[in-house]
Amino acid sequence: MPTPEKPSIARAAFVASLPVLMGYLSMGFAAGVLLAVKTDLPATPFWATLTSGVCISGALQFLFVDWIQKLVPLATVALLTLALNLRYAMYGLALLGPLRRAPFWAKAYLVWGLTDETYALETAAPYPPGPAHLRYCLLLTLFDHLYWIGGVTLGALAGAALPFDTRGIDFAMTALFLVILTDQLRSDPFARIPAVIALVVSGLAALGLGASRMLVPTIAVLIPLFLLLRPLLAPAARPQAPGKSTPEVRP
Amino acid sequence: MTFTPSENYVLVLTATAGAVTILLRSVPFLLFGHARRPPPAFIPYLGRVLAPASIAMLVVYCFATYFAERPPLAYPYAAPELLAGTLAVLLQFWRRNPLLSIIASTALYMLLLHVF
C-alpha cells in the first residue's frame, strides 16, 4: 500500500476536526469571557492563553475562574485535577498498543493533549497503525489544542469589552456540569449509581462543612467508599468503549 | 516585572494542574508501556465510577456556593438556581446541544437575578 502524502494526511485531519472547531471555539469562548469578567487578572488574554494551553479541559477551565477568585488551596486543585483526569489515563491504556513504536515526544504530546473529542476522532482514524496514522493523530491533537486556546483567548478579549451587567454569568459553569452529568447518565445507565452516591456524600459535606471546604473531604471519602463497594458495583460496571459515549463536542 | 497576587496564584495553579495532568496520564505508559501485563482491575473501575461521581460532586458544589450567598430557605427560595438548572437539563435532554443548553440557562439565570 502506498504511503499517503503528508498534505493529504493534514487535509484529512483538518476536515475531521471541523466539528470540534465549532464546539471548542464556542465553549472556550464562554470560559474566556468568564475569566475576564470574574477575576481581577490584568492582561486576561495572556492568562487565558497560558491556562488553556497547559490544561486542555472544559471543566478545569471553568473551575480555574472559581479558584482564582477564591485562591483555593493547591491540594484541592491537585486532587480535583486528579479525579477529573482519571478517565483520560484510561484512554491512555487503550492507546498503549497503537503508540508502542511512536517516539517519546509524540507519545507525550498525544497523551497530554488528549480530550474526549480527540480520542473519538483518533479511534475513527482512516489509516492503519503506522507513520501515517501517527501523523494524523498528532495533527488532530494539535488542531483541537489550537481551537481550544483560540476560543478561550478570544473569549477573554471579548469579556474585557463586555458593556452590560454580567451578574449571574457564572451560571455557565453550573450549566456545563449539569449538561455533562445529563449526557453521562443518558449514555451509561450504570453511571447513575456512582452519581447518586456522590450526590449524597457531597450534599452531606456541603451541609456539614460549607461549600468552600467540601471538595477535598468529599473525594477523600468517595475513593475508599467506591473501593469498598467494588465487589457490589464492579459486575455492573462493564467496560465501556471510551469516547463513544460522548459524541457531543465538549473538551 | 512583578506579578499581582492573583497572577502569582494563576502561575502555581496552572503548574499544579498541568503537572498532575501529565503525570497521571503518563502512568499507564510508565507502568505498562513495556511489560504486557494488564493494569490491576481497580484502576479502570475507579476511572469508570469517578467520571460521573466527580461531575455530580461539582454540581452540588456549584449549588452550595449559590446557597451560601442566598439561603434557599428565604425569599426567593432558590428559584433562579432551580429554574435555570432545570432548563439546562431539559434542554440537554431535548436538543442534545451543550452550547444551546448552557447559553439559554445562563441567560435565564442572569434575567431571573434581576427579577427576584
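Gly150(A) lies in helix α7 of chain A, which covers residues 131-160. The structure is a predicted model. In this model, 70 residues of chain B are in contact with 94 residues of chain A. The points below treat the residue and then the interface.

**Gly150(A)**
- Gly150(A) counts as partly exposed because its relative accessibility is 23%, and the range for that class lies between 20% and 50%.
- Thr76(A) is 74 residues away from Gly150(A) along the chain, and the C-alpha atoms of the two are separated by 27 Å.

**Area of the interface**
- The size of an interface is often expressed as the accessible area lost when the parts come together.
- Between chain B and chain A, about 7500 Å² is buried, and carbon and sulfur atoms give 77% of this area.
- On the side of chain B, the residues that lose the most area to chain A are Arg25(B), Arg48(B) and Tyr61(B), together 11% of what that side buries.

**Polar and charged pairs**
- One salt bridge is counted between chain B and chain A.
- Arg48(B) forms a salt bridge with Asp188(A), and their closest N and O atoms are 2.8 Å apart.

**The side of chain B that touches chain A**
- Helices α1 (5-32), α2 (42-69), α3 (79-95) and α4 (98-115) of chain B each supply at least two residues to this side.
- The largest share, 25 residues, comes from α2(B).
- By class, this side has 46 nonpolar, 18 polar and six charged residues.

How values were computed:
Residues numbered from 1 in each chain as written. Chains lettered and ligands numbered in written order. Predicted model: local features only at pLDDT ≥ 70, side-chain atom pairs only at ≥ 80, totals over all residues. Heavy atoms only, no water. Helix = DSSP H or I, 4+ residues; strand = E, 2+ residues; numbered from the N terminus. Buried < 20%, exposed > 50% of the residue type's maximum accessible area, 1.4 Å probe, protein only. Contact = heavy atoms within 4.5 Å. Buried area = accessible area lost by both parts, 1.4 Å probe. Salt bridge = Lys/Arg side-chain N within 4 Å of Asp/Glu carboxyl O. Nonpolar A, V, L, I, M, F, W, Y, C, P; charged D, E, K, R; others polar.
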